[in-house]
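Hi everyone, thanks for coming.

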Amino acid sequence: MSTVSIEPLIHHHQREIRRFRFKSSAFGPAPLSCRPKSRCDGGRLCSFKSPRRALAVVRAAAVVETFDTTDVVFRETFPLEWTDTVEGKIFVKLDKGKNEQNWQLTVGCTIPGKWILHWGVSYVDDVGSEWDQPPTGMRPPGSVPIKDYAIETPLKKASSTGEGIDLYEVKINVKSDSAVAAINFVVKDEETGAWYQHRGRDFKVPLVDYLHDDGNVVGAKRGFGLWPGWRAFGQLSNILLKGEASQSKAQDSISASSDPKQEDSSLEGFYDELPLVKQLPLHNSVGVSVRKCRETAKNIIYLETDLPGDVVVHWGVCRDDAKNWEIPAAPHPPETILFKNKALRTLLKQKEGSSGCSELFTLDEDLAGFLFVLRIKENIWLKYMGNDFFVPLSKSSSSVQSNKDSEATHVSGKGEQENEDVSGSAFTDGIINEIRNLVSDISSVKTGKTKTKKVQESILQEIEKLAAEAYSIFRSSTPTFSEEAVLLEEATKPPLKVSSATGSGYEILCQGFNWESHKSGRWYMELKEKAKQLSSLGFTIIWLPPPTESVSPEGYMPKDLYNLNSRYGTIDELRDLVKNFHEVDIKVLGDAVLNHRCAHYKNQNGVWNIFGGRLSWDDRAVVADDPHFQGRGNKSSGDNFHAAPNIDHSQDFVRKDLKEWMCWLRKEIGYDGWRLDFVRGFWGGYVKDYLEASEPYFTVGEFWDSLSYTYGDMDHNQDAHRQRIVDWINATNGTAGAFDVTTKGILHAALERCEYWRLSDEKGKPPGVVGWWPSRAITFIENHDTGSTQGHWRFPGGKEMQGYAYILTHPGTPAVFYDHVFSHYQSEIASLISLRNRNKIHCRSIVKIAKAERDVYAAVIDDKVAMKIGPGHYEPPSGPQRWSQALEGRDYKVWEAS
Amino acid sequence: MEISVIGSTQAKFVKADSAYRVLGFCSSRRYDDVLSRNSRVCLGQPSIRLRRLGLRLTVRAVHTEPALPARVSTDRSAASAPSRSRPNNGVRLYVGLPLDAVSEANTVNHAKAISVGLKALKLLGVEGVELPVWWGIAEKEAMGSYNFSGYLNLAEMVQKAGLKLHVSLCFHGLKQPKIPLPEWVTRIGENEPSIYFSDRSGLLYKDCLSLAVDELPVLDGKTPIEVYQDFCQSFKSSFSQFIDSTITGISMSLGPNGELRYPSDHGQSRNLKIPGVGEFQCYDKNMLALLKQHAEASGNPFWGLSGPHDAPSYDQTPSSNGFFKDHGGSWESPYGDFFLNWYSSQLASHGARLLSLASSVFSDADVAVYGKVPLLHPWYRTRARPLELTAGFYNTERRDGYEAIAEMFARNSCKVILPGMDLSDEDLPGEALSSPQSLLRQVRAACRKLGVDVSGQNSSDRRVARGGFEQLKENLSGQEGSVDLFIYERMGAYFFSPEHFPSFTAFVRSIYQPQMDTDDIPDEEVVGAEESVPMASESGVHMQAA
């Protein structure tokens with residue numbers, strides 16, 4: 001009996017160091033044991049200390065195989081990157097000081113780490129929700145001012161609670177006679193860069209009776225202590241700035257929080273706790289070495305890892321390169337159980353004197369490989385780049401193969417979605433890595449389809465980004481050689497793919513506001529009253545005005561995207577409104593202004609291009625080609641809107657923030673989809689990105705540019721115009737529809753000048769977008785810009801019903817303007833909608849144009865509905881159907897087949 | 001000891017990296033290739049097994065040193081033995097760089113855009129790019145004074161991006177963007193217009209030299225062939241550092257627009273819906289002298305006085321004059337046969353001169369030499385096929401004019417580039433009796449017969465028509481024989497525009513799709529894999545299936 005020293009394969013992995021170092025000292029032959037050994041339970045030990053080397057000594061009982069180090073045939077250390085979840089809590093306490101004049105606010109946290117309180121105050125006479133810096137006297141030592149509106153104070157380790165838990169806290173003294181109305185804060189984790197907010201909003205501790213009356217955000221509740229929702233037991237949503245892992249997990253299920261503490265106006269102390277989940281990215285490694293026993297030719301595998309806690313190896317062997325798992329012959333290591341006859345599970349032995357654990361496996365010589373995955377903490381599975389770890393075993397001792405290159409190991413976490421997230425975020429490690437991952441993904445034929453797709457997706461996104469950049473540079477620097485552009489281009493039928501963009505296909509949209517709606521200040525409440533009525537009129541989708549804080553009252557000059565208190569109402573009223581619409585089965589579209597954003601601050605040149613609020617971007621977020629705003633971003637991927645800084649969507653951080661914002665809106669407000677403002681301003685590929693992230697039920701983009709005219713007369717052929725819209729839809733990959741501006745323009749000309757022949761294109765199809773890509777065309781005749789009190793491009797007066805008779809009987813998704821719904825046209829519109837629903841006309845219905853002459857246009861849709869507009873005569877032919885007139889109005893008629 | 005181990009590990013790692021850079025993520029098939037030849041894999045195994053093994057070995061291959069030479073040697077064998085077709089249908093995809101990528105002042109135009117674009121292409125899995133090297137830029141000022149600096153910079157960018165390079169040596173000029181012939185050549189041409197092609201009315205074509213002066217010492221005592229040869233030599237020595245690695249192919253410009261043809265269409269109006277037939281270009285002094293000589297030698301001196309008198313003009317249809325009439329046209333007369341034979345053989349000899357020049361210059365380098373044959377599809381469905389006749393291809397309903405051309409390529413071990421692979425018959429107006437598909441089929445058959453590798457291109461500088469990608473896919477699918485290389489023209493604003501780039505991406509992916517499609521896995525394998533998957537009941541995670 002002798003001992004053998006096994007070189008430790010562990011070192012504490014750091015991202016940069018991907019290679020393991022080996023010693024090559026030789027030891028004499030040694031017998032090995034398979035004796036069960038009591039496992040020393042290290043509990044949940046995490047070691048983050050400096051690398052250590054440990055000597056593992058294994059005593060032998062029976063003679064087994066002997067070897068010396070020259071027989072090492074394979075060695076590899078695989079980095080393991082995974083995310084641990086640490087649970088703790090944040091507590092907020094408001095105490096009375098020594099006398100009634102002094103109060104003390106304590107914010108603490110029970111998870112170790114570098115915590116920072118990022119805070120500011122609101123003064124009694126403040127308007128709006130901006131933060132201000134607290135008076136100097138309030139600032140605890142160690143505070144650092146951030147810009148001119150916040151303070152950052154580190155949490156200090158406080159005396160232990162006695163339960164062995166460390167506390168980190170900060171205390172803020174408040175004089176109750178100061179002008180401070182409330183303290184606002186978020187908690188920041190400096191190590192991970194994560195912000196912890198309260199249900200997506202800043203924490204707010206009011207200190208005096210809130211001055212504003214009902215109608216204010218939460219002033220209606222008039223509560224002291226924490227804000228409504230505070231007591232609702234829900235995990236803090238952890239807005240991870242890197243990686244989006246935890247967002248989805250934050251439970252918001254309990255929102256019934258309208259139990260404000262009805263206190264009278266004296267300040268009361270309180271204590272509150274909130275559960276906190278912190279995601280810790282961890283780097284560990286697993287080392288494997290294979291030796292060949294000289295006497296028995298068996299393979300001896302030594303596996304060790306520095307993972308904390310109990311580590312279970314789920315393993316098997318394979319006989320060929322197909323890597324089909326098999327159970328090897330006994331003996332198996334101690335603590336091994338058979339799992340469903342398909343694999344073995346071995347609990348690794350804790351190493352003596354150091355953290356981590358290891359195990360020896362002895363395998364027959366005729367095996368091709370050793371396959372395994374690791375499990376820690378009951379349900380976290382670690383894999384190698386999404387695959388099983390594979391250790392090749394040499395059949396003949398000469399050739400050794402390694403299929404490893406030391407790339408980052410991807411972790412398959414608790415569930416599928418996390419798996420994807422992690423591998424997705426690893427993209428930043430570099431393009432080449434991804435390519436390599438993909439190669440290996442493609443290579444391993446058994447790779448799950450989803451994974452491959454995910455990686456491909458991220459590569460494609462990168463490609464798209466590069467292409468967009470190349471496009472913008474080429475476009476601005478080259479004379480393009482498009483003079484001879486081949487105009488043979490026929491409109492091809494885009495794929496008829498049912499996608500989320502079109503909703504059910506039977507949608508009827510209502511624009512739920514006009515240019516004046518902001519005036520009352522309580523539009524959300526007013527519209528709420530009409531929800532039932534809109535539903536009974538047959539609308540399935542409502543488009544609400546832009547919800548964000550805006551420089552202009554109508555909302556199209558957004559400033560702080562996360563501030564949803566606007567001239568239309570408060571965030572709570574908005575939530576309530578959305579809830580009301582959902583109750584009557586109407587889906588709700590949020591009006592998202594993504595093209596531009598108004599700045600909070602000026603740069604050194606006095607130009608407004610520095611943003612504040614939660615998305616505090618700098619001038620890199622502004623496109624470079626609008627001299628007014630001196631952006632430092634890339635050139636715009638579309639047209640510029642000149643009244644505000646145009647956002648540079650080619651910047652990763654901008655897109656990430658916008659995606660997060662849209663997801664937040666979906667979740668917080670309950671929006672089902674989007675109306676996207678001014679999408680001419682940026683590339684449709686980015687829209688695709690946003691929509692894939694926010695997964696809307698229905699989306700419509702506003703791509704509005706001018707039709708073509710010759711000497712003031714509108715051209716009959718508007719193919720170029722609709723082509724531009726279709727191109728945009730294409731760029732979004734069909735994830736969004738677009739307003740059919742072409743159809744509106746042609747209707748103008750046709751109705752105004754009695755030129756109904758315009759309503760058929762050269763191929764006898766509708767001449768607008770609806771003729772080419774009906775499922776993506778949102779037909780309309782008026783909106784807040786074209787009509788209402790702006791009247792930029794008003795539909796011919798008195799002929800609106802002809803327009804509605806057209807769009808409400810034709811394919812595409814019709815949109816009805818608020819002003820028309822609530823006008824004397826209401827009953828006519830309602831009849832058209834109910835006729836559309838009755839006959840199940842949908843966005844892909846087939847339209848056959850029967851007549852397109854000077855004074856009459858007539859068409860038959862799906863062989864079920866016939867219609868005509870214009871003063872001329874038309875009667876549907878008596879064919880297989882018997883037509884009966886269903887509706888008649890000024891210069892229009894509609895028939896139904898019976 | 002410890003350090004040396006680490007050192008070598010890192011070195012290998014770097015190599016692995018570069019090997020993959022070269023590969024792109026879609027080229028795994030080519031590794032199969034390497035492996036099936038270089039490793040002891042039993043070829044009798046089921047293909048799935050082979051692929052799987054191959055792929056696993058692949059990863060190893062990038063770790064070990066022999067991997068790179070092994071791969072290069074495959075390229076070599078393919079390059080130096082053009083008659084042997086590639087063992088699979090894996091087409092190598094290249095994208096053309098902007099025509100004006102290097103300015104007249106020898107600087108790189110839109111360098112930033114190109115470098116970003118190269119990255120995108122690399123990620124997409126494109127193998128390389130095509131770079132036009134213009135005579136009028138690199139030898140602009142005086143004979144023998146070469147300046148390749150702009151092109152060298154570009155080649156370096158390409159190399160850094162991990163892409164391959166296909167160089168087109170352009171001895172022709174261009175109208176759009178304006179790239180003329182070298183200034184010193186233009187000066188000679190002012191005094192001696194007969195160095196250019198001329199049509200019946202004396203209209204000169206100044207964007208390339210007439211093939212009749214190939215071997216006349218018209219350029220300050222040197223023949224154009226000698227000047228071209230010097231240019232190629234100089235190019236070769238200037239690019240020696242790239243030639244065995246980055247540069248994989250050279251296209252030799254053979255005439256107008258680089259194509260083997262007469263500029264028979266240069267007087268045509270642009271944007272005609274139905275192109276006219278073009279005109280014969282045999283009216284410069286030297287062409288006429290050759291014609292006269294030939295007529296006298298064949299015993300019909302009167303036939304050598306001029307070109308056909310009854311040919312239509314540029315924009316006219318075949319039947320508007322006597323020569324190309326379907327029935328009773330002069331083309332079928334003994335005179336017609338005499339003339340067309342001579343006219344087309346002049347073109348073929350010109351092609352042979354240039355290709356043999358190029359293949360001798362590059363014979364000791366690992367590059368394949370290519371020449372471009374135009375796809376003259378309008379009027380293909382007439383009996384006379386006048387557009388081909390005026391361009392110099394004696395290819396009528398009864399006579400295959402492309403076998404001679406293919407034979408000429410085969411003799412010089414060169415490969416043919418065929419443009420217009422995106423064109424389908426349906427796309428074109430019926431009145432022109434056009435049939436790009438049939439013509440392509442004919443040329444490809446001739447090449448196949450003579451063992452000439454075919455490479456493809458889309459219709460030059462025109463936007464790929466809608467539906468064009470479908471046609472491309474079909475043409476590259478290998479049903480008509482393999483396509484060795486495909487050059488997609490060309491990078492620029494439109495190329496990266498939202499209107500175009502997504503469909504190009506889809507196209508590239510679809511070419512490579514078969515390799516990653518799970519349909520490739522035989523059914524029983526899939527079933528087997530499913531069976532062996534244990535379900536971790538508590539977490540529902542597939543562990544082995546990954």
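How are H11(B) and H12(B) oriented to each other? Before I answer, a word on the source: this is a predicted model, where local features need pLDDT of at least 70 and side-chain atom pairs count only at pLDDT 80 or more, while totals for chains, interfaces and linings use all residues. Residues are numbered from 1 along each chain as its sequence is written, chains are lettered from A and ligands numbered from 1 in the order written, and side-chain values use heavy atoms, without hydrogens and water.

Now the answer. Helix H11 (residues 285-297) of chain B packs against helix H12 (residues 334-361) of chain B at an angle of about 130°, with the axes 11 Å apart. Axes are lines fitted to C-alpha atoms over the stretch in contact, and angles run from 0 to 180 degrees between N-to-C directions. H11(B) and H12(B) are therefore oblique to each other; angles under 35 degrees count as roughly parallel, over 145 as roughly antiparallel, 65 to 115 as roughly perpendicular, and the rest as oblique. Helices here are DSSP runs of H or I, at least four residues, numbered from the N terminus.

Who touches whom? On H11(B), Met287(B), Leu290(B), Leu291(B), His294(B) and Ala295(B) meet Phe338(B), Phe339(B), Trp342(B) and Gln346(B) of H12(B), where contact means heavy atoms within 4.5 Å.

For another pair, take helix H5 (residues 111-124) of chain B and helix H7 (residues 149-160) of chain B, which pack at about 30° with axes 9 Å apart. That makes H5(B) roughly parallel to H7(B).

Conventions
Helices (H or I, at least four residues) and strands (E, at least two) are DSSP runs, numbered from the N terminus.
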